[in-house]
Amino acid sequence: MAGPLEEIRIVDLTRILAGPYCTMVLADLGADVIKVEQPGGDQARRNGPFFTGADGSDYSTYFTSVNRGKRSVVIDLSNPDGVDTFFRLVDGADVVTENYRPGVMSKLGIDYQRLSARNPQLVMASISGFGQTGPYASRAALDVIVQAMGGMLSITGDEGGGPVRPGVSMGDITAALFTAIGIVSALVERARSGRGQHIDMSMLDCQAAILENPLMRYFSLGEIPERIGTRHPVVAPVQALPTQDGYVAIAVTDGPTGHWGRFARLIGKPELATDERFASGWLRRVNYDDLRPELESAMAQRTTSEWVGLLGSQGIAIGPVQGVSEVAADPQLNSRDMFVQLDDSSAGIVTFTNTPIKHSRTLGGVRRGAPGLGAHADEILAEAGLSPAEIDAMRASGAVG
């Protein structure tokens with residue numbers, strides 16, 4: 001069944017991660033994403049590690065992971081014929097996405113003012129490190145830069161330790177998801193007004209946006225949050241703790257499912273339930289130095305699976321700290337079809353992570369693998385109205401790869 005964004009066409013100029021992840025999300029939801037690549041292709045195609053496909057070629061795991069479901073055409077935007085061809089694509093598009101540094105689109109002659117003059121209903125999303133305005137607008141930025149400048153690295157890591165980058169590119173992924181929301185909301189507004197608009201996305205803005213509680217604590221109390229490992233900054237115990245053979249994550253709060261007294265009894269320390277120092281989640285956070293040895297000594301008495309079985313059966317929120325291989329085998333994720341296999345004629349059988357968005361009617365999901373460079377050029381250009389002779393001429397001029 002088609003996804004909810006069926007009949008939405010996106011002309012995608014983005015490269016590497018933030019932009020491609022955004023358009024991958026939209027492709028999973030049914031959008032037709034045309035990946036416009038410069039000669040040589042997206043740099044991510046050359047990022048390792050690589051796997052060997054059924055055709056004997058090497059394929060980038062990095063590129064494959066975030067470009068599924070798209071079609072590819074190579075257009076040289078430094079060639080006037082290439083720009084004309086790009087305009088033909090935009091005339092029939094709903095959305096254009098790009099993640100060049102501010103000013104590049106204008107230099108290429110394909111900025112929002114020019115594109116919207118041809119297609120007033122066009123929604124264009126620009127992702128950059130710092131946005132289109134402000135004192136940093138012209139500066140280069142990658143994921144770790146915006147995580148550093150956006151405060152994420154200052155609150156991530158062990159207590160008393162140095163900055164730690166999360167295991168995934170939070171700067172890129174956060175910007176990707178906010179941009180997807182921006183695009184969908186602009187399309188909803190267009191349905192009312194009949195007009196498109198430009199969306200200016202800053203990766204740094206997005207990092208600030210997800211610092212919800214840390215920034216509120218600073219603005220309200222002057223408190224500067226610090227690194228505290230896996231612990232929650234407000235409630236305890238909400239964290240990962242070592243067991244006999246690994247780690248478990250637990251969350252014992254003060255709400256209807258908090259169960260502090262029950263938790264204390266089950267870990268063999270019933271006296272903690274009546275200790276005034278630990279009467280609430282906040283007090284347990286304030287007095288955590290007293291609570292820590294009690295928790296660690298108790299949890300070390302059983303294995304991870306034993307604790308998950310015992311505490312989970314009593315309604316306490318708990319889960320094992322799983323490695324990637326365990327995530328891939330997790331029965332809950334597999335029961336919800338979060339991993340799907342596609343048989344690509346070139347790459348062979350590839351397993352992808354499916355969309356987590358579960359619509360009841362307009363089901364989305366992974367429809368095709370990542371495209372070969374320029375693999376869909378003829379069909380894309382024909383859909384844009386170019387005749388076979390015109391396509392051949394574009395190739396001869398170098399405008400189309």
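Start by selecting Arg118 and Asp91: their side chains form a salt bridge, 2.7 Å from N to O. Keep in mind as you look around that this is a predicted model. The two partners sit 27 residues apart and connect distant parts of the chain, with Arg118 in helix H5 (residues 112–118) and Asp91 in helix H3 (residues 80–91).

**Stop two: a network**

Now select Arg9, Asp32, Arg71, Glu379 and Glu383 together. Salt bridges with shared partners tie these five into one network.

Hide the surface and pick Asp28 and Arg68, whose side chains meet in a salt bridge at 2.5 Å, N to O. This one also links distant parts of the chain: Asp28 belongs to helix H1 (residues 18–28), while Arg68 lies in the loop between helix H2 (61–66) and strand S5 (70–74), 40 residues away. Are these two buried or exposed? Asp28 has a relative accessible area of 3%, so it counts as buried, and Arg68, at 5%, is buried as well.

Next, go to Asp42 and Lys35, another salt bridge, with 3.0 Å from N to O. Asp42 is buried at 2% relative accessibility, and Lys35 is buried with a relative accessible area of 0%.

Technical notes. Residues numbered from 1 in each chain as written. Predicted model: local features only at pLDDT ≥ 70, side-chain atom pairs only at ≥ 80, totals over all residues. Heavy atoms only, no water. Salt bridge = Lys/Arg side-chain N within 4 Å of Asp/Glu carboxyl O. Helix = DSSP H or I, 4+ residues; strand = E, 2+ residues; numbered from the N terminus. Buried < 20%, exposed > 50% of the residue type's maximum accessible area, 1.4 Å probe, protein only.
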